[in-house]
Amino acid sequence: MIRRIKHHVRRHARTVKHHFWNVFIPHPGNDHRPHALRHQALTAYAIVIVVVKVVVSGLLVVYPGPSATANLTASNIVSLTNQARQDQSLKALKANSKLVTGAQLKAQDMLSRGYFAHVSPSKVTPWYWFKQAGYSYTTAGENLAVDFVTAEGVTEAWLASPGHRRNVLNGKFVDIGVAVASGKLNGVSTTVVVQFFGAPVATKQQPKKVAKVTPPKPTAPAKKSTVAQTAPPPEPVLSETTEPSLPSPPVAPKITSPDGTVVVATARPWFGGEAEEDVTIELFQNDQPVGSTASDAQGYFRLQPDRDLPDGVHELTTVAVNQDGRSQPSAPVTLTIDTQPPSASLEQTTVLPSYTQPGAYTVSAVIRGEDVAEARVRLGSASVSLPVGVTSFTVELTPAFGEAADGIELELKDPVGNVSVVPVASLSFLDVDVVQPASRSWLSVIPKLLFFSRRFFVTFWLFIFVALAVNTLVRWRIQHRPMILYSLLLLYGLTVIMITT
């Protein structure tokens, strides 16, 4: 039984070898014309390549890139916002004309100045627009959106973001104002949405008090006193005494750095200032000691907290201490700590092989994020910087040899300097995997087919090149010049198709 199996395997192996030899290797048995390189086979190859090329071109037509922005209606956004609140048993918000005016002012300011952020490049906060519109509030909030095509998409994105969701579902808010404005943001046509929330200041009518006026009573003329005026007694004269010298506490220190209200990206910022020489400087945050140091012989000091301070706004002071006591606190310094890197997500992402530059990749996406000061698309050592405030982009990246496996990333930096990296796509020789696709529909397989077709052309071209090179040498030796010319023309045609695909 075993001998019969071995015999069958050997016979099958000889048959495979015989066919392989006849199909791919030129030898006298096939008249030095391998079946894989005969006219019929080469014609079939050309037909297959043309068919694949046509199919790929058709896929490019039906595959959507980043969607163009469309007009949104403020009324739909207000309605969807109230629907989300009612789902959580919260009162519906009332549209307020002053908040609408403030939101419109903020939207136009973003488009005219070319930014998309809660705080403008000139440090104008959202609350400035509340005041410009004449809306007095006890509590207020702002949501922003850009590049969305439906009111449902805007509302869903806000509800998916913890910070925006807190505004939408905040039970303290009473009024709402929404503005939708279309224009160009850094040269790109787009639509921005501004959503203002507020709780107005309660006004009470105080009853007016009317003062009761009574006419003054007539007064009798004053009588002259007949009593002699006596001079005041002289003040006693005190003899000089020498008081004992008392301990003198040091002068209050002065924080010179940071100067004013600043935002830093570290949980242990450095403080510098001036004080008396050789005194101990203690740093306080909300009356809690958080660090200490000693001033030098010139009266300067530099210190940082001995533990991490949480993100948020902090008011810090310093006190000088020596053997004679403690000084008064220094003037407080307001400091905002922000160690959180900018967050962003990508939508409508596409990664396709470039059709203008061999080996390059065309990357398109819409960025959803806030407080992004710098953005850069990176693939290995190749990178492209994006304009400040850009919300959608299309760039081409050409990686160095072997760097495509590193994948494509979006590097973000906020105004403070915090950096985050958002993965865009991972690449392999036969596939591309978009990390954050816009949807999981059947269209998401089209980039995979495009990459596969690209790699198919490369692999097939290499195979044909090697095979035709061997065949050309054989043909040259036996002087079959027409076959040589046909092979060279086919190589040229395959090269052109591969480059343009």
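Ser 330 counts as buried in this predicted model, because its relative accessibility is 5% and the term applies to values under 20%. The residue lies in a loop, between strand S12 (325-326) and strand S13 (333-337). Leaving aside residues up to four places away in sequence, Ser 330 touches Pro 253, Ile 255, Thr 317 and Thr 318.

Of its 501 residues, 37% count as buried. The secondary structure consists of nine helices and 21 strands. When contacts between residues at least 6 apart in sequence are considered, 65% of them join residues at least 24 apart.

Two of the helices illustrate how such elements can be described in relation to each other. Helix H3 (residues 74-87) packs with helix H6 (residues 151-160) at an angle of about 40°, and their axes are 9 Å apart. The two helices are therefore oblique to each other, since an angle counts as roughly parallel under 35 degrees and as roughly perpendicular from 65 to 115. Their crossing is right-handed.

Which residues of H3 and H6 meet? From H3 come Asn 76, Ile 77, Leu 80 and Ala 84, while H6 contributes Ala 151, Glu 152, Thr 155, Trp 158 and Leu 159. Sorted by class, this contact has six nonpolar residues, two polar residues and one charged residue.

Definitions and conventions:
Residues are numbered from 1 along each chain as its sequence is written. This is a predicted model: local features need pLDDT of at least 70, side-chain atom pairs count only at pLDDT 80 or more; totals for chains, interfaces and linings use all residues. Side-chain values use heavy atoms; hydrogens and water are left out. Axes are lines fitted to C-alpha atoms, for helices over the stretch in contact, and angles run from 0 to 180 degrees between N-to-C directions. Helices (H or I, at least four residues) and strands (E, at least two) are DSSP runs, numbered from the N terminus. Angles under 35 degrees count as roughly parallel, over 145 as roughly antiparallel, 65 to 115 as roughly perpendicular and the rest as oblique. A crossing is left-handed if the near helix is turned anticlockwise from the far one by less than a right angle, and right-handed if clockwise. Contact means heavy atoms within 4.5 Å. Ala, Val, Leu, Ile, Met, Phe, Trp, Tyr, Cys and Pro count as nonpolar, Asp, Glu, Lys and Arg as charged, and the others, Gly among them, as polar. Buried means under 20% relative accessible area, exposed over 50%, partly exposed in between (1.4 Å probe, protein chains only).
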